[in-house]
Amino acid sequence: MVRQFNGVMKAAALIFLLFLLIPLTGWSKEAIPVAENPEVEKRMLLLTENLRCLVCQNETIADSRADFSNDIRREIREQIKANKTDPEIIQFLVDRYGDFVLYDPPIKPTTFLLWFGPVILFVIGLGSLIVYLRRRRVQIEDVSLSQAQLEEAEALLNEDKKGKNV
C-alpha cells in the first residue's frame, strides 16, 4: 500500500513539474536566421526599412514576417551578392511592384494626388465652409419685438416666477 502511494506521489510530482514548465515555452521567441555575411544582412536591413510590405501594407519589409517579405529579403540578398547598387535594387523592386512598395514615392504625375490630394481637399473644404457661413450670415435677420410683445413676454416670465414661489 505504501509503495502504491509513493508511486502515485511520484507521478503527481512529475505532472506538477511539467505544468510548471509549460509556461516557460511561451517565453521563447522566433529564432533569428543567422546571416551568412553580416555586411550583406546589414545593407539588406537598411534597404528594407524604406520598403513597404505589399501584404501587410503598414509594415516595412524589414519588420514583416509575411512570406512575401521573406521572398523580397531573399531577392535583395541575392542582388547585393551580385554587386548591384542600392538604387539599382530599389529600381528593380519599383519596376516589379510599382511605386507603392516605397514608403516615400517620388512626386510625378501618377502620384500627384497622393502627395497633394489631402491639401487640395482641405482647401476646397475650407473654401466651402467660408462661402456657407457668409451666405448664412446674410440670411439671418435681426428679429425685433414690438412693445406689446415685450410686455407680454415680461408678464409671462413674472407669472412663471410667481407660480414657482408658491
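Which side chain meets that of Glu-41 in a salt bridge? In this predicted model, the partner is Arg-77, with N and O 2.9 Å apart. Glu-41 belongs to helix H2 and Arg-77 to helix H3, so the pair ties together parts that are 36 residues apart in sequence. Glu-41 is buried, at a relative accessible area of 19%. Arg-77 is partly exposed, at 22%.

The count of salt bridges comes to 4. One of them joins Asp-86 to Arg-43, with the closest N and O atoms 2.7 Å apart. Asp-86 lies in helix H4 and Arg-43 in helix H2, so this contact links parts that are 43 residues apart in sequence. Both residues are partly exposed: Asp-86 has a relative accessible area of 30%, and Arg-43 has 24%. Another salt bridge pairs Lys-108 with Asp-99, at 2.8 Å from N to O. Here Lys-108 is partly exposed, at 35% relative accessibility, whereas Asp-99 is buried, at 16%.

Helix H3 comprises 15 residues, 67-81. At 1.5 Å a residue, H3 should span 21 Å. Its end C-alpha atoms are 21 Å apart, in agreement with that value. The buried residues of H3 are Phe-68, Ser-69, Ile-72, Arg-73, Ile-76, Gln-79 and Ile-80. They cover an arc of only 135° around the axis, and therefore lie on the same side of H3. An α-helix has 3.6 residues a turn, so residues three or four places apart point the same way. The cover over the buried residues of H3 includes helix H2 (38-48) and helix H4 (86-97). Just after H3, Asn-83 adopts a positive phi of about 65°.

Terms used
Residues are numbered from 1 along each chain as its sequence is written. This is a predicted model: local features need pLDDT of at least 70, side-chain atom pairs count only at pLDDT 80 or more; totals for chains, interfaces and linings use all residues. Side-chain values use heavy atoms; hydrogens and water are left out. Helices (H or I, at least four residues) and strands (E, at least two) are DSSP runs, numbered from the N terminus. The expected span of a helix is 1.5 Å times one less than its number of residues. Buried means under 20% relative accessible area, exposed over 50%, partly exposed in between (1.4 Å probe, protein chains only). The arc is that of the directions from the helix axis to the C-beta atoms. Contact means heavy atoms within 4.5 Å.
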